[in-house]
Amino acid sequence: GKLPHDGKFVVYCTTEDGPSPCLMSGNTIEWERMAYQITENYNTDNWSDEVALQNLYNNNNNDIDVIVEDSVLDGKKVKVPWKTCDGLTSTKAAVQFNTQGRGKRKKKRYYDS
């Protein structure tokens, strides 16, 4: 199938600090380019892929040739049954259920909306 934005690198999650790598897309060339930039941004002080991506985005005046969209809904805003959240999910690509707790980062799980 065809990739969104003709295969350019897209980050679909945003936070107040910048893009968050919870859902991304891009062609092979774009993934290699961004993987290189993110690993080159390695810092032993509290480094993560999210911190590196935000550093790249914020320190380069948002000019790292990445498309950033707010297309993932925070799972905390989703109510069950699903029919009650149709209005929330109609403009989003996915819902992120974050399972962080007590300061320890746990595995994240993502479900298509």
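Predicted model: local features only at pLDDT ≥ 70, side-chain atom pairs only at ≥ 80, totals over all residues.
Residues are numbered from 1 along each chain as its sequence is written, and side-chain values use heavy atoms, with hydrogens and water left out. The protein has three helices and six strands, where helices (H or I, at least four residues) and strands (E, at least two) are DSSP runs numbered from the N terminus.

**Overall layout**
- Along the sequence, the pattern reads β-β-α-α-β-β-α-β-β.
- Of the 113 residues in the protein, 32% are buried; buried means under 20% relative accessible area, exposed means over 50%, and partly exposed is in between (1.4 Å probe, protein chains only).
- Take the contacts (heavy atoms within 4.5 Å) between residues at least 6 apart in sequence: 38% of them join residues at least 24 apart.

**The three-stranded sheet**
- Three strands make an open sheet in the order E2-E1-E3, with mixed pairing; two strands pair if DSSP finds at least two bridges between them.
- The edges are strand E2 (18–25) and strand E3 (67–68), each of which pairs on one side only.
- Helix H2 (residues 49–59) packs on this sheet and touches E1, E2 and E3.
- The direction of H2 makes about 115° with that of E2; axes here are lines fitted to C-alpha atoms, for helices over the stretch in contact, and angles run from 0 to 180 degrees between N-to-C directions.
- Strand E1 (residues 10–15) runs antiparallel to E2, and five bridges join them.
- E1 and E2 form a hairpin with two residues between them, and threonine 15 stands opposite glycine 18 in E2.
- E1 and E3 run parallel, joined by two bridges; valine 10 has isoleucine 67 in E3 as its bridge partner.
- As background, strands of a sheet pair through backbone hydrogen bonds, either parallel or antiparallel.

**Helix H1**
- Which residues of H1 are buried? They are Glu30, Met34 and Ile38.
- Seen down the axis of H1, these buried residues fall within an arc of 60°, so they line one face of the helix; the arc is that of the directions from the helix axis to the C-beta atoms.
- In general, an α-helix has 3.6 residues a turn, so residues three or four places apart point the same way.
- The buried residues of H1 pack against H2, whereas Thr28, Ile29, Glu32, Tyr36 and Glu40 are exposed on the other side of H1.

**Helix H2 and the cores**
- The buried residues of H2 are Glu50, Ala52, Leu53, Gln54, Leu56 and Tyr57, and what covers them includes E1, E2, H1 and E3.
- The largest nonpolar core has 10 residues: Phe9, Val11, Met34, Ile38, Ala52, Leu53, Leu56, Tyr57, Ile64 and Val66. A nonpolar core is a set of buried Ala, Val, Leu, Ile, Met, Phe, Trp, Tyr and Cys residues joined through side-chain atoms within 4.5 Å.
- Helix H1 (28–40) and H2 are the elements that give two or more residues to this core, and the largest share, four residues, comes from H2.
- A second, separate core has six residues, including Val10, Cys13, Cys22 and Val72.
- Leaving out residues up to four places away in sequence, alanine 52 touches Ile38, Asn41 and Trp47.

**Two residues to look at**
- Threonine 14 lies in strand E1 and counts as partly exposed, at 34% relative accessibility.
- Not counting residues up to four places away in sequence, threonine 14 touches Pro19, Ser20, Val68, Glu69 and Asp70.
- Threonine 14 and glutamate 69 are 55 residues apart in sequence, with 7.1 Å from C-alpha to C-alpha.
- Aspartate 74 is in strand E4 (residues 72–74) and is partly exposed, with a relative accessible area of 33%.
- The C-alpha atoms of aspartate 74 and valine 95 are separated by 6.0 Å, with the two residues 21 apart along the chain.
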